[in-house]
Amino acid sequence: MTNGSQRQSRLRLARQRSAPNRIRARLRKERFETVSDAGTSQVRHAWQRARRVGWTHVVAVAGTVLAAVAAVGGLWAQAVATYWSQQTAKDQLSQSKEEDVRRVRNQAAKVTYWGGGGSAFKWGGTGTLPSAGDGSGALHVLNRSPDPVPRASIAVEITGKSPDGEIRSEVWVMSLSSIPPCSHIEYQESELHRGYFREEGGESETLSGEEGVWAPVSMHFTDTRGVEWMRTQTSLEEGSAPKSFARAASSRMEIVGTGAKVHKAELCNDAS
């Protein structure tokens, strides 16, 4: 009886003890539950932190960033537009200056001269002479503008041989009180008198009677705006008359034209 009671007691204790496999399964289950609980806890904590964040603040910050980006883009576009506006203004200013220059030079560009001629040496010799202009034996003055030229002076270089055989060149000046609009004035060399006022009462010498050659070399004139111009055979510039004009005038080395032929200038309004 006692033995039977002891045996039953041992059986009951044996049933209450856990087997090794049961222990491992229980440990695995507990570990899994612990890990799962830890993950769930992390998610829960993350969500709680997210809920604690001020979404209004986030939206405000995002809006501020977007506004800053838009402002930078707007400033860049404004800078580009300003740059091109300045370039356009410079181009317009440059064009305006060019138009002003063309307008100022409009009349002066239509005023010019040409001609020249000369006679052979009367006392022999074969010295080299400069060009006698175009050899037409006449002096031509042209004004293709529809406005008159108030004042003009033409420098004429006369090259001849002195009695001792030396070739000399002198600059004489012919003054014109005015040049009519759209006019072409022609002076034959037989009508161009040198030293007309040098000897009172004496006969003047014409260029056709000189022993040498002559040619116009420059022209000084004033346009209707009062601007002075200096024209040569290759240039046209604003400026006063050179000293050679004043020296010729003070020395009375003047040329006077008579019997001028005045023609109507062709293409007056269209000349440039």
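**Reading the terms in this model**

Reader: What makes Val 80 count as partly exposed?

Author: In this predicted model, Val 80 has a relative accessible area of 30%. Buried would need a value under 20%, and exposed a value over 50%. Because 30% lies in between, Val 80 is called partly exposed. You will find Val 80 in helix α3, which covers residues 55-108.

Reader: Let's go to the cysteines. How do you know that Cys 182 and Cys 268 form a disulfide?

Author: Their sulfur atoms are 1.8 Å apart. The cut-off for a disulfide is 2.5 Å, and 1.8 Å is within it, so the pair qualifies. By this rule the protein's count comes to one disulfide.

Reader: Why is this disulfide called left-handed?

Author: Because the torsion about the S-S bond of Cys 182 and Cys 268 is about -70°.

Reader: What makes you say that the pair ties together parts apart in sequence?

Author: Cys 182 sits in the loop between β4 (167-176) and β5 (183-188), while Cys 268 belongs to the segment after β12 (261-264), so the bond ties together parts that are 86 residues apart in sequence.

Reader: Are Cys 182 and Cys 268 buried or exposed, and how do you know?

Author: The relative accessible area is 17% for Cys 182 and 8% for Cys 268. Each value is under 20%, so both cysteines are called buried.

Reader: What makes the phi of Cys 182 worth a remark?

Author: Phi of Cys 182 is near 50°, a positive value in a residue other than glycine. Most residues other than glycine have a negative phi. Leu 267 also has a positive phi, near 50°. Leu 267 lies in the segment after β12.

Reader: Why is Leu 267 called exposed?

Author: Its relative accessible area is 60%. Exposed starts over 50%, so Leu 267 is called exposed.

Reader: And the inside of the protein? Which residues touch the most other members of the largest nonpolar core?

Author: That core has 31 residues, and the ones touching the most other members are Ile 154, Leu 176, Ile 179, Leu 192, Met 219, Phe 221 and Ile 255. Elements giving two or more residues to the core include β1 (111-119), β2 (138-143), β8 (212-222) and α4 (243-250). Strand β3 supplies the largest share, five residues. As background, nonpolar side chains tend to be buried together in soluble globular proteins.

Reader: How do you know that Leu 176 is buried?

Author: Its relative accessible area is 10%. That is under the 20% limit, so Leu 176 is called buried. Leu 176 is found in strand β4. Neighbours within four places in sequence aside, Leu 176 is in contact with Val 141, Arg 151, Ala 152, Ile 154 and Tyr 187. Leu 176 and Val 256 are 80 residues apart in sequence, with their C-alpha atoms 9.0 Å apart.

Reader: Which residues does Phe 221 touch?

Author: Residues up to four places away in sequence not counted, Phe 221 touches Ala 108, Val 111, Val 149, Arg 151 and Ala 152, as well as Val 227, Glu 228, Trp 229, Arg 231 and Leu 236.

Reader: What makes Thr 232 count as partly exposed?

Author: At 26% relative accessible area, Thr 232 falls between the 20% and 50% limits, so it is called partly exposed. Thr 232 belongs to strand β9. Among its contacts, leaving aside neighbours within four places in sequence, are Tyr 113 and Val 217.

Reader: How does Ser 208 come to count as partly exposed?

Author: Ser 208 has 28% relative accessibility, again between 20% and 50%, so the term is partly exposed. Ser 208 is found in the loop between β7 (205-206) and β8.

Reader: Finally, how many helices and strands does the protein have, and what share of it counts as buried?

Author: There are four helices and twelve strands. Of the 272 residues, 26% count as buried.

Technical notes. Residues numbered from 1 in each chain as written. Predicted model: local features only at pLDDT ≥ 70, side-chain atom pairs only at ≥ 80, totals over all residues. Heavy atoms only, no water. Buried < 20%, exposed > 50% of the residue type's maximum accessible area, 1.4 Å probe, protein only. Core = buried A, V, L, I, M, F, W, Y, C linked by side-chain atoms within 4.5 Å. Contact = heavy atoms within 4.5 Å.
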